[in-house]
Amino acid sequence: PLKPHPQRNGSERNPGAAPPRLPFSRVTREDLAFFRTLLPGRTITDPDLLKSSNVDWLKTVEGNSEVLLRPKTTEEVSQILRHCNERNLAVCPQGGNTGLVGGSVPVFDEIILSTSLMNQVITFDNISGILTCQAGCVLENLSNYLEERDFIMPLDLGAKGSCHIGGNVSTNAGGLRLLRYGSLRGTVLGLEVVLADGRILNCLATLRKDNTGYDLKQLFIGSEGTLGVITAVSILCPRKPKAVNVAFLGCSSFQQLLETFQCCRGMLGEILSAFEFFDASCMSLLEKHLKLTNPITESPFYIVIETAGSNATHDEEKLHKFLEEVMTSSLVTDGTVATEATKIKALWSLRERVTEALTHEGYTYKYDISLPVEKIYDLVQDMRGHLGDMAKNVVGYGHVGDGNLHLNITSPSKDPALLAAIEPYVYEWTSEWKGSISAEHGLGLKKRNYIYYSKPSEAVALMGSIKAMLDPKGILNPYKTLPDNIH
Amino acid sequence: MSARVLVGVKRVIDYAVKIRVKPDHTGVVTDGVKHSMNPFCEIAVEEAVKLKEKKLVKEVVAVSCGPQQVQETIRTALAMGADRGIHVEVSGKDYETLGPLQVSKILAALAKKEQADLIILGKQAIDDDCNQTGQMTAALLDWPQGTFASEVNIEADKLKVVREVDGGLETIKIKLPAVVTADLRLNTPRYATLPNIMKAKKKKIANVKPADLGVDVSSRLEVLKVDEPPQRQGGVKVETVNDLVRKLKEAGRI
């Protein structure tokens with residue numbers, strides 16, 4: 001079993017807080033002149049314009065960057081990094097700034113390197129379904145582009161309207177479709193990455209199969225901008241399903257939810273494309289803050305099941321047989337089904353907007369945990385008992401089909417005593433069941449020092465060596481992902 | 001109350017689908033495109049079911065005109081709480097040219113046959129936006145009408161209807177039997193829940209042909225052409241007031 005190693009300096013109080021500033025250079029007038037020549041009109045120094053890029057989506061971390069750069073091409077990114085590397089200037093790569101672990105904003109005065117103007121689709125092959133595009137393409141825009149051509153993106157998440165594909169890849173984003181289409185580690189076929197010293201690594205293959213040497217792209221996928229800046233992505237896209245159905249079900253116990261999942265897997269099989277859950281506490285928040293209506297009778301647990309296939313009649317028949325089975329065997333107490341796009345969107349928004357509803361409750365402590373599926377809700381109940389009155393809400397929701405729980409705890413405002421009660425208890429609990437302390441959100445700033453709960457020290461040491469090799473000055477997204485002290 | 005309500009439900013292309021004009025410009029592409037119940041018809045069904053739940057009416061009958069596929073739409077109405085359905089079979093060329101005049105003749109005939117006391121329809125369909133069927137049906141039956149209803153109350157043998165009109169809200173009292181057309185704010189349609197979807201499978205849908213009702217569905221209208229609306233051109237930003245004046249002059253606007 002893994003035992004966390006004690007921290008040696010700086011972050012004893014709170015392992016998730018920022019460490020002291022490392023001795024990077026500071027931006028000078030000469031640096032600004034260089035950037036302004038390279039990126040005319042796209043070198044932002046106005047504090048008002050910088051504000052939103054200095055704060056994360058959850059409004060829990062804020063940096064003090066004074067420079068935001070908006071390159072349009074890979075060549076520009078290369079020149080920026082070459083300059084910053086020579087000058088020992090720290091850089092924070094930023095996509096849609098929708099990350100939840102404080103990884104997408106500066107901690108101090110790191111230069112923000114934004115991909116927002118790198119938003120062009122490069123190619124799309126409608127026979128192979130392979131899309132190549134720049135890293136700053138917004139996920140929803142890519143989805144719309146593909147849908148017109150009868151394809152879809154292999155991933156989907158609540159942040160789709162803002163997140164960039166480059167950010168998705170550098171955080172190995174999971175999302176709602178992972179159950180069906182797998183992770184980005186399988187669907188990304190190639191990457192173009194700019195390294196810390198400005199070298200452009202063009203591994204933008206568009207091949208389904210290519211076993212020629214070490215698969216370097218896997219290093220950058222999920223590296224959270226610490227090993228290189230992703231500038232272009234080639235990704236394998238599935239065909240748009242002709243028939244999509246969504247069922248929204250209510251269960252009276254988590255055990256029944258799990259049995260419903262087993263039944264679902266058996267009876268829906270290959271047409272199952274998503275299996276998500278949220279608890280009654282989440283539903284109350286959706287009703288209270290977003291005025292959404294519960295389509296069925298109140299239940300302790302709610303499930304969203306999506307099927308996607310090429311034949312509507314075939315899928316509906318399978319779905320109705322499944323629904324009849326779970327209703328008559330009382331695994332499910334109530335439910336509703338949707339086949340029309342508007343209703344499907346409405347049912348999905350119940351699951352997708354839980355995160356938003358939580359932001360209205362004050363301060364949210366977010367935990368994204370992978371656990372053996374049977375243990376998922378035990379953690380939520382345990383936490384409730386453990387925290388008692390200290391927390392306003394303790395809710396659980398997430399990709400139960402993938403064994404991934406989103407545990408969220410709210411209080412009216414930031415509460416250090418509450419935080420101390422939650423951490424490291426939640427990480428120890430997770431570690432005891434050999435789970436992951438960050439299933440899909442990554443480590444960013446907030447969780448970097450907890451890595452040892454889920455990875456042995458030999459692994460972390462090797463990660464440190466790779467980082468040192470690729471970014472000897474440590475200018476790429478410092479203070480993120482790897483722990484402050486590597487032993 | 002022993003009242004019987006007839007609710008018309010129309011199968012239309014789903015609200016969220018992107019509409020495409022057929023290459024021959026005779027209509028829009030409907031093959032393989034997602035269809036669903038017209039949103040205003042959903043509101044009509046919801047209102048009828050609510051009246052039944054309040055025990056103000058005894059039976060709700062859902063009616064739809066069209067080919068085999070409209071039975072799905074009737075089933076949705078049954079799953080929402082309608083008691084039985086009537087499928088008026090119209091297919092092929094007749095279905096392509098089916099419009100408010102023929103449908104209102106069918107509904108009028110059915111209202112007499114079924115001895116309906118109240119007909120509730122959606123105010124208009126989202127495919128043709130005609131907003132005529134309710135009004136024509138009332139005229140053919142010589143019944144009063146409460147259109148664009150945002151509130152409906154039964155008071156003895158009369159209906160109090162609050163109508164959404166350009167100037168605001170108009171409240172009228174009309175005698176039953178009557179025709180009401182539902183506007184957006186009348187209610188929020190319920191989701192059909194699984195137990196009701198299961199029950200709906202056992203509810204009856206009767207099949208009827210327009211000829212059986214003595215209705216001729218041939219159309220007196222001919223569609224000449226269907227086109228997409230003109231593409232919106234992007235605007236242009238200008239730096240100074242002089243530029244603005246110059247551009248407006250160039251565009252012949254001033």
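**Helix α3 of chain A and its surroundings**

Good morning. I begin with helix α3 of chain A, residues 74-87, whose 14 residues reach 20 Å from first C-alpha to last, close to the 20 Å expected at 1.5 Å a residue; that expected span is 1.5 Å times one less than the number of residues. Helices here are DSSP runs of H or I of at least four residues, and strands are runs of E of at least two, numbered from the N terminus.

The model is predicted: local features need pLDDT of at least 70, side-chain atom pairs count only at pLDDT 80 or more, and totals for chains, interfaces and linings use all residues. Residues are numbered from 1 along each chain as its sequence is written, chains are lettered from A and ligands numbered from 1 in the order written, and side-chain values use heavy atoms, without hydrogens and water.

Several residues of α3(A) are buried, among them A:V77, A:I80, A:L81 and A:C84; buried means under 20% relative accessible area with a 1.4 Å probe, protein chains only. Just after α3(A), A:N88 takes a positive phi of about 60 degrees.

Which helix packs against α3(A)? Helix α1, residues 29-38 of chain A, does, at about 170 degrees with the axes 11 Å apart. The two are therefore roughly antiparallel, a term for angles over 145 degrees. A:D31, A:F34, A:F35 and A:L38 of α1(A) meet A:E76, A:Q79, A:I80, A:H83, A:C84 and A:R87 of α3(A), contact meaning heavy atoms within 4.5 Å.

Turning to chain B, its secondary structure comes to 7 helices and 11 strands, and 44% of its 254 residues are buried.

Definitions and conventions: Buried < 20%, exposed > 50% of the residue type's maximum accessible area, 1.4 Å probe, protein only. Axes fitted to C-alpha atoms, helices over the stretch in contact; angles between N-to-C directions. Parallel < 35°, antiparallel > 145°, perpendicular 65-115°, else oblique.
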